[in-house]
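Here is a friendly walk through one chain, meant to be read with the viewer open. Please keep the sequence at hand as well.

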Amino acid sequence: MRVRFGRCLFDNDSRELRRDGVPQPLSPKAFQFLGLLLQERPRAVAKQEIHERLWPESFVSDSSLARLAAEVRSALDDDAKSPRLLRTVHRFGYAFCGDVMTDGAAPGAAPAHCRLVWAERHIPLLEGENLLGRASDARVVIDLARVSRHHARIVVEGARAVLEDLGSKNGTFLRGQPVTAAAELTDGDEVCIGPAVLVFRTSAGNSTTETGTAA
């Protein structure tokens with residue numbers, strides 16, 4: 001199972017959870033707990049069922065389960081009092097309450113309708129999350145001054161693409177205005193990441209595509 005939700009990517013095969021492209025450490029039981037809730041979503045899973053599946057033939061207290069929930073929330077940057085992803089069902093159990101998108105795209109595959117143009121480069125965007133920044137794990141690597149490691153992201157869902165700033169030091173600009181909340185992109189929009197000006201295009205045209213590394 002490989003799914004995306006919020007700012008996170010959960011990959012059961014590689015045993016990895018990433019938030020904003022950065023691996024989040026989870027204990028084996030916490031990873032198993034999150035995988036169970038994702039698999040059973042949106043159903044609320046009873047504590048007894050969780051105990052049986054995580055600790056078969058062993059007795060553990062409910063406090064152990066509460067610690068797993070706290071560990072997972074910390075990795076997801078979720079708040080127990082105002083949950084966006086992991087919900088506590090009082091006196092019953094837990095449920096995953098976020099919107100989930102299956103990440104079924106093959107590595108390197110990109111929807112032909114969606115790309116960024118930077119100078120002579122045409123950078124295809126993948127279905128799901130595409131990070132922009134100086135970090136090597138970004139989909140669009142912009143190794144320039146005034147660009148943060150994880151500066152911004154574009155989330156592609158079918159024909160829709162949404163731009164978000166990731167708390168960058170120098171800000172992200174769309175059509176000359178600072179991005180302070182998620183903003184939907186349209187064909188021809190200019191996105192400024194530091195000194196780099198990228199143009200969002202929604203049709204493939206006849207241009208040759210390249211990888212996301214640009215310096």
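What follows goes from the whole chain to its cores, helices and sheets.

**Ground rules**

This is a predicted model, in which local features need pLDDT of at least 70 and side-chain atom pairs count only at pLDDT 80 or more, while totals for chains, interfaces and linings use all residues. Residues are numbered from 1 along each chain as its sequence is written, and side-chain values use heavy atoms, with hydrogens and water left out.

**The chain as a whole**

The chain has three helices and 20 strands. Helices (H or I, at least four residues) and strands (E, at least two) are DSSP runs, numbered from the N terminus. Of its 215 residues, 45% count as buried; buried means under 20% relative accessible area, exposed over 50%, and partly exposed in between (1.4 Å probe, protein chains only). Taking the contacts with a separation of 6 or more, 48% are between residues 24 or more positions apart. A contact here means heavy atoms within 4.5 Å.

In soluble globular proteins, nonpolar side chains tend to be buried together. A nonpolar core is a set of buried Ala, Val, Leu, Ile, Met, Phe, Trp, Tyr and Cys residues joined through side-chain atoms within 4.5 Å. The largest one has 27 residues, and F5, L17, F33 and L34 have the most contacts inside it. Two or more residues each come from β1 (2-5), β2 (8-11), α1 (28-40), α2 (47-54), α3 (62-76) and β7 (93-96). Of these elements, α1 gives the largest share, seven residues. Another core, of 23 residues, lies apart from it and includes C114, L132, V140 and A183.

Which residues does F33 contact, leaving aside its neighbours within four places in sequence? They are I50, L54, L65, L68, A69, V72, L86 and Y94.

**How the helices pack**

Two packed helices are described by the angle between their axes and the distance between the axes. Axes are lines fitted to C-alpha atoms, for helices over the stretch in contact, and angles run from 0 to 180 degrees between N-to-C directions. The two pairs compare as follows.

| Helix pair | Angle | Axis distance |
|---|---|---|
| α1 and α2 | about 125 degrees | 11 Å |
| α2 and α3 | about 85 degrees | 11 Å |

α1 and α2 pack at about 125 degrees. That makes α1 oblique to α2. By the cut-offs, angles under 35 degrees are roughly parallel, over 145 roughly antiparallel, 65 to 115 roughly perpendicular and the rest oblique. On the α1 side of this contact are K29, Q32, F33, L36, Q39 and E40, which meet I50, R53 and L54 in α2.

α2 and α3 pack at about 85 degrees. That makes α2 roughly perpendicular to α3. Here K47, I50, H51 and L54 of α2 touch D62, L65 and L68 of α3.

P25 is found in the loop between β4 (22-23) and α1. At 71% relative accessibility, P25 counts as exposed. Its C-alpha atom is separated by 9.4 Å from that of E71, 46 residues apart along the chain.

Strands of a sheet pair through backbone hydrogen bonds, either parallel or antiparallel. Two strands count as paired if DSSP finds at least two bridges between them. β1 and β2 are antiparallel over four bridges, with F5 opposite C8 in β2. Two residues lie between these strands in their hairpin, where G6 takes a positive phi near 55 degrees.

β2 also runs antiparallel to β3 (residues 16-19), joined by four bridges, and C8 stands opposite R19 in β3. This hairpin has four residues between its strands, and R15 in the turn has a positive phi of about 55 degrees. Both faces of β2 are covered: C8 and F10 are buried on one side, L9 and D11 on the other.

Three strands form an open antiparallel sheet in the order β5-β7-β6. β5 (45-46) and β6 (86-89) stand at the edges with a single partner strand each, so one side of each is left without a neighbour in the sheet. Two bridges join β5 to β7, and V45 has Y94 as its bridge partner in β7. α1 lies across β5, β6 and β7, at about 65 degrees to β7.

The other open sheet, of six strands, is antiparallel with the order β10-β9-β19-β18-β15-β16. Its edge strands, β10 (121-124) and β16 (177-178), each pair on one side only. Within this sheet, β15 (residues 172-174) and β18 (residues 190-193) pair over three bridges, and T172 stands opposite I193 in β18.
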